[in-house]
Amino acid sequence: MSQTLVDIGSLITTSSDLQGGRPIIAGTGTSVRRIAALYKQGYSADEIVADKNYLTLAQVHAALAYYYANQQIIDNDLDAEVAEYERLASQWF
């Protein structure tokens with residue numbers, strides 16, 4: 001039986017048409033940012049795969065590796081999103 005090696009660099013991509021050009025898991029619309037947010041909420045990689053059964057464990061780990069390689073940028077993006085949510089929410093309450 002022949003096995004094919006996967007270049008992990010091929011698991012993450014960007015497209016200006018998806019997620020505002022933010023990095024996504026190739027072949028999906030799921031952003032690295034979304035995976036990082038779930039992981040930061042306490043979900044394990046296995047739990048993320050169980051919740052998003054269209055993803056493989058390799059894809060989730062690739063997203064987490066990308067996150068850790070670019071943690072400050074992604075964390076800043078997540079923080080900005082939370083701040084904007086709170087700003088908008090404060091207008092309603």
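Student: Which residues line the largest pocket?
Tutor: This is a predicted model. In it, the lining consists of Ser 31, Arg 33, Arg 34, Ala 37, Lys 40, Gln 41, Leu 78, Asp 79, Glu 81 and Val 82. H1 and H4 are the elements that give two or more residues to this lining. The pocket's volume is about 190 Å³.

Student: How do the residues of that lining divide into nonpolar, polar and charged?
Tutor: Five are charged, three nonpolar and two polar. Asp, Glu, Lys and Arg count as charged, so Arg 33, Arg 34, Lys 40, Asp 79 and Glu 81 belong there.

Student: What makes Tyr 39 and Tyr 68 an aromatic pair, and why is it called edge-to-face?
Tutor: Ring centres must lie within 6.5 Å. Here they are 6.3 Å apart, so the two rings pair. Planes over 60 degrees apart count as edge-to-face. The structure holds two aromatic pairs.

Student: Which parts of the chain does the Tyr 39 and Tyr 68 pair link?
Tutor: Distant ones: Tyr 39 sits in helix H1 and Tyr 68 in helix H3, 29 residues apart. Tyr 39, Tyr 67 and Tyr 68 form one aromatic cluster.

Student: Why does Tyr 39 count as partly exposed?
Tutor: Buried means under 20% and exposed means over 50%. Tyr 39 has 33% relative accessibility, so it falls in between. Tyr 68, at 45%, is partly exposed too.

Student: Which residues of H1 are buried, and what do they pack against?
Tutor: The buried ones are Val 32, Arg 33, Ile 35, Ala 36, Ala 37 and Leu 38. They pack against strands E1 and E2 and helices H2, H3 and H4.

Student: Which members of the largest nonpolar core touch the most other members?
Tutor: Ile 12, Ile 25, Val 32, Ile 35, Val 60, Ala 63 and Ile 74, out of 19 residues. Helices H1, H2, H3 and H4 each supply at least two residues of this core. Leaving out residues up to four places away in sequence, Ile 74 touches Val 32, Arg 33, Ala 36, Tyr 66 and Tyr 67.

Notes:
Residues are numbered from 1 along each chain as its sequence is written. This is a predicted model: local features need pLDDT of at least 70, side-chain atom pairs count only at pLDDT 80 or more; totals for chains, interfaces and linings use all residues. Side-chain values use heavy atoms; hydrogens and water are left out. A nonpolar core is a set of buried Ala, Val, Leu, Ile, Met, Phe, Trp, Tyr and Cys residues joined through side-chain atoms within 4.5 Å. Buried means under 20% relative accessible area, exposed over 50%, partly exposed in between (1.4 Å probe, protein chains only). Helices (H or I, at least four residues) and strands (E, at least two) are DSSP runs, numbered from the N terminus. Contact means heavy atoms within 4.5 Å. On a 1 Å grid over the protein atoms alone, a cavity is a set of points where a 1.4 Å probe fits but cannot get out, and a pocket is an open set with protein on both sides within 12 Å along at least five of seven lines; lining residues have an atom within 4 Å of a point. Grid points are joined across faces, edges and corners, and a volume is the space filled by probe spheres set on the points. Rings of Phe, Tyr and Trp (its six-membered ring) pair if their centres lie within 6.5 Å; planes under 30 degrees apart count as stacked, over 60 as edge-to-face and the rest as tilted.
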